[in-house]
Amino acid sequence: MVTSKHLQKASPDSPFSAFDQRCMERALVLARRGAGNTSPNPLVGAIIARDGRVLGEGWHRRYGGKHAEAEALDAVCATGQSLAGADLYCTLEPCCFTGPLKRQPPCTQGIITSGIRRVVIANQDPHPAVNGKGIRVLREAGIIVQTGLLSAAGEKLNQDFFTFHRRNRPFVHLKIAQTLDGRIAAPGGDARWITDTAARRLVHRLRSHYDAVLVGRGTVLADDPELTVRLVKGRNPLRVVLDSRLSLPDTAKLLSLPDREKTLIICSGEHPRIQNLRDCGVGVLPLENGVPGAGLPLGAVLTALGERGVRSILVEGGGSIFSAFLRAGLWDRISVFIAPMILGDGINGVSGLAPASIGDALELEDVSTRRIGNQLLFEGSHVYRNC
Ligand SMILES: NC(=O)c1ccc[n+]([C@@H]2O[C@H](COP(=O)([O-])OP(=O)(O)OC[C@H]3O[C@@H](n4cnc5c(N)ncnc54)[C@H](OP(=O)(O)O)[C@@H]3O)[C@@H](O)[C@H]2O)c1
């Protein structure tokens with residue numbers, strides 16, 4: 001979530017005015033409106049202004065739809081106003097390429113022909129076909145380009161998109177619901193419900209903003225979850241289950257949902273049951289380098305999902321899966337709902353990290369806490385060292 005701490009105030013020697021800052025803040029708000037609908041494209045917002053007055057605005061609404069810059073240019077033209085000498089504020093560097101899979105024309109072209117005088121950008125686009133080229137093209141056309149305004153907020157807004165292009169894997173967000181003493185289920189596996197409806201509603205919203213949710217086989221056996229978006233309006237993400245031996249019961253709800261083509265089971269190698277499941281409409285992805293029962297290699301899991309267009313994953317459990325992602329260092333953000341309950345015994349949210357001392361603990365940054373219903377929601381990000 002973009003918070004006020006990401007919206008740093010401009011320093012006195014900043015090249016940007018207070019009006020510039022307000023326009024970019026508005027562009028960031030607009031960008032967020034596309035949440036859940038633009039992947040694999042990023043969220044982008046744009047504002048056009050002149051002489052301290054906003055002329056028009058736009059945002060990227062959905063994948064395949066018009067880009068934010070084009071929306072904003074069209075919005076101004078639709079009112080009959082001229083674009084000559086106007087400033088364009090966009091949260092991400094405008095794109096500058098065409099390609100067989102690209103549905104929209106390069107934004108740089110529309111900007112250059114429009115008469116825009118200056119372009120202010122929050123973040124450079126890490127997409128290999130852009131990555132500074134959009135900025136260069138605009139400057140070569142004589143347009144003033146300034147970058148870096150509210151870049152921290154822009155990074156946060158598109159953390160999945162940036163992670164994918166920088167780390168070559170989807171953004172991984174672990175979501176844990178636990179008691180005060182760190183248990184995610186009672187000793188027999190009962191976990192319903194540790195959190196109240198307010199927390200679960202927030203989780204459903206999160207799901208709708210992610211490309212995929214992921215759980216382990218143990219969670220399906222214990223909870224028989226649907227992993228759909230029901231408590232808020234939004235689209236269902238892909239539902240991924242790690243099940244190396246392909247041993248989920250046929251009765252699992254995930255295998256009979258109306259949109260079961262959105263269930264994907266990842267297993268180890270070939271298995272006689274694969275065709276049966278596919279015939280029922282369920283996706284199965286056999287990993288060649290997995291060993292049944294040995295825990296699927298998470299790096300390979302993420303690579304395979306990335307190749308299928310998944311840019312962001314919400315990992316929803318259980319304990320073995322949370323621990324495996326943490327041990328492998330393959331995570332970016334963690335959200336822990338802490339409920340006012342104590343079990344004293346049960347399944348740990350995280351185990352087996354084998355620290356020798358406090359110095360070995362995983363540390364978090366960009367930490368925040370807030371109250372959701374009856375829970376405390378603690379969130380933090382991975383501290384990447386030496387990379
Ligand atoms: N409160 C919460 O936030 C929350 C959320 C979810 C679940 N839960 C609870 O957690 C419990 C389930 O946790 P769990 O630890 O038993 O099961 P789990 O983490 O859901 O699933 C573990 C299973 O996933 C498979 N797996 C495949 N690749 C793996 C890998 N790289 N690392 C680890 N496992 C891998 C393994 O089965 P194969 O070897 O057969 O492949 C493994 O046994 C249930 O009681 C559930 O109610 C709580």
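Q: Okay, starting with strand β8, residues 212–216: how many bridges join it to β12, and do the two run parallel or antiparallel?
A: In this predicted model, β8 and β12 are joined by three bridges and run parallel.

Q: Which residue in β12 is the bridge partner of V213?
A: That's L314.

Q: How many bridges join β6 to β12?
A: Four, and β6, which covers residues 171–179, runs parallel to β12.

Q: Switching to β1. What strand does it make a hairpin with?
A: With β2, and there are two residues between them. D51 sits in that turn and has a positive phi of about 50°.

Q: How many bridges hold β1 and β2 together, and in which sense do they pair?
A: Six bridges, in the antiparallel sense, with β2 taking in residues 53–59. R50 is opposite R53 of β2.

Q: What about β1 with β3, how many bridges there?
A: Four, again antiparallel, and β3 spans residues 87–92. In that pairing I47 stands opposite Y89.

Q: Why call β1 largely enclosed by the rest of the structure?
A: Because five of its six residues, in the stretch 45–50, are buried.

Q: Zooming out, how many helices and strands does the chain have?
A: Eleven helices and 16 strands.

Q: What share of the residues is buried?
A: Buried residues are 50% of the 387.

Q: What percentage of contacts with a separation of 6 or more comes from residues 24 or more positions apart?
A: 71% of them.

Q: Last topic, surface and charge. How much accessible surface is there, and how many positive and negative side chains?
A: The surface comes to about 17,700 Å², with 51% of that belonging to carbon and sulfur atoms. There are 47 positive and 37 negative side chains, and the centres of the two sets are 4 Å apart.

Technical notes: Residues numbered from 1 in each chain as written. Predicted model: local features only at pLDDT ≥ 70, side-chain atom pairs only at ≥ 80, totals over all residues. Heavy atoms only, no water. Buried < 20%, exposed > 50% of the residue type's maximum accessible area, 1.4 Å probe, protein only. Contact = heavy atoms within 4.5 Å. Areas by Shrake-Rupley, 256 points an atom, 1.4 Å probe, with all protein chains shown as cover. Lys, Arg positive; Asp, Glu negative; His and termini not counted. Charge placed at Lys NZ, Arg CZ, Asp CG, Glu CD. Pairing = 2+ DSSP bridges.
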